[in-house]
Amino acid sequence: TTDYQIGVVSLEESIRETLDGIVGVHLDKRINLPDVVFDRSGEEGLNAWKEVAGTGRLLLLDHQGSVSDSSLMDKIEFMAASGCKFIFLDPIAVSEVDGNVNEAMDKAMSDLLKLCKKHNVWIGVVSHLRKTSGGKTFEEGAFITEDSLKGSGSLKQIAFQIIGFSRNKYSEDEAERQRVSISVLKNRFTGHT
């Protein structure tokens with residue numbers, strides 16, 4: 001609903017899956033499910049596509065399964081240089097550099113920060129979580145902390161904000177299974193968490 005151009009880099013889904021998700025949110029229905037009636041080439045599908053992607057404000061990265069770190073940064077910078085003011089990277093993933101994943105993550109986060117500063121853009125990075133050691137798991141609604149982020153400490157050090165989403169997927173209560181807790185774990189601008 002804004003006039004800003006939005007870039008989306010979904011490394012775990014195809015462009016069609018990403019677009020189906022965004023169109024589904026727009027229509028308030030899960031169009032990717034087999035029992036949902038949705039004709040992509042019919043009037044509803046064409047109108048939804050025009051409203052979501054037909055304006056030219058949505059730029060999706062066609063990564064074709066994987067990209068190398070330098071190639072990924074080049075493509076994100078292209079999005080920023082093309083006018084995207086908001087870019088979503090889902091998830092942050094790095095290849096090992098000489099066997100050191102933490103160094104590769106540090107470099108990726110540093111490169112993303114430089115892109116933000118150079119092009120005055122916002123980049124939202126989705127991070128997977130570490131496995132919990134004993135006790136309640138994140139799938140059971142365990143509280144997320146900054147140390148829960150999978151990867152190097154640069155994720156929590158460089159990020160301007162960190163927002164955690166959790167829910168208990170295994171609760172016997174349907175309402176609890178669908179309830180998402182949102183926690184602001186870090187907010188560099190205001191300090192409010």
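The model is a predicted one, and the residues considered are Asp20 in helix H1, Leu113 in helix H4 and Ser154 in helix H5.

**Asp20 in helix H1**

- Asp20 belongs to helix H1, which spans residues 15–27, and it counts as buried because its relative accessibility is 12%, below the 20% limit for that class.
- The side chain of Asp20 forms a polar contact of 2.4 Å with the side chain of Arg40.
- Beyond its neighbours within four places in sequence, Asp20 is in contact with Arg40 and also with Ile31 and Asn32.

**Ser154 in helix H5**

- Ser154 is placed in helix H5, covering residues 154–158, and with a relative accessibility of 3% Ser154 is therefore classed as buried.
- Two side-chain polar contacts involve Ser154: one with the side chain of Asp106 at 3.0 Å, and another with the side chain of Ser152 at 2.6 Å.
- When residues up to four places away in sequence are not counted, Ser154 touches Met105, Asp106, Met109 and Ala159.

**Leu113 in helix H4**

- Leu113 sits in helix H4, made up of residues 101–119, and counts as partly exposed because its relative accessibility is 28%, a value between the 20% and 50% limits.
- Leu113 touches Ile158 and Phe160, with residues up to four places away in sequence left out of the count.
- The C-alpha atom of Leu113 is separated by 8.6 Å from that of Ile123, a residue 10 positions away along the chain.

Technical notes
Residues are numbered from 1 along each chain as its sequence is written. This is a predicted model: local features need pLDDT of at least 70, side-chain atom pairs count only at pLDDT 80 or more; totals for chains, interfaces and linings use all residues. Side-chain values use heavy atoms; hydrogens and water are left out. Helices (H or I, at least four residues) and strands (E, at least two) are DSSP runs, numbered from the N terminus. Buried means under 20% relative accessible area, exposed over 50%, partly exposed in between (1.4 Å probe, protein chains only). Contact means heavy atoms within 4.5 Å. A polar contact is a pair of N or O atoms within 3.5 Å; within protein, one must be able to donate a hydrogen and the other to accept it, and residues adjacent in sequence count only if both atoms are side-chain atoms.
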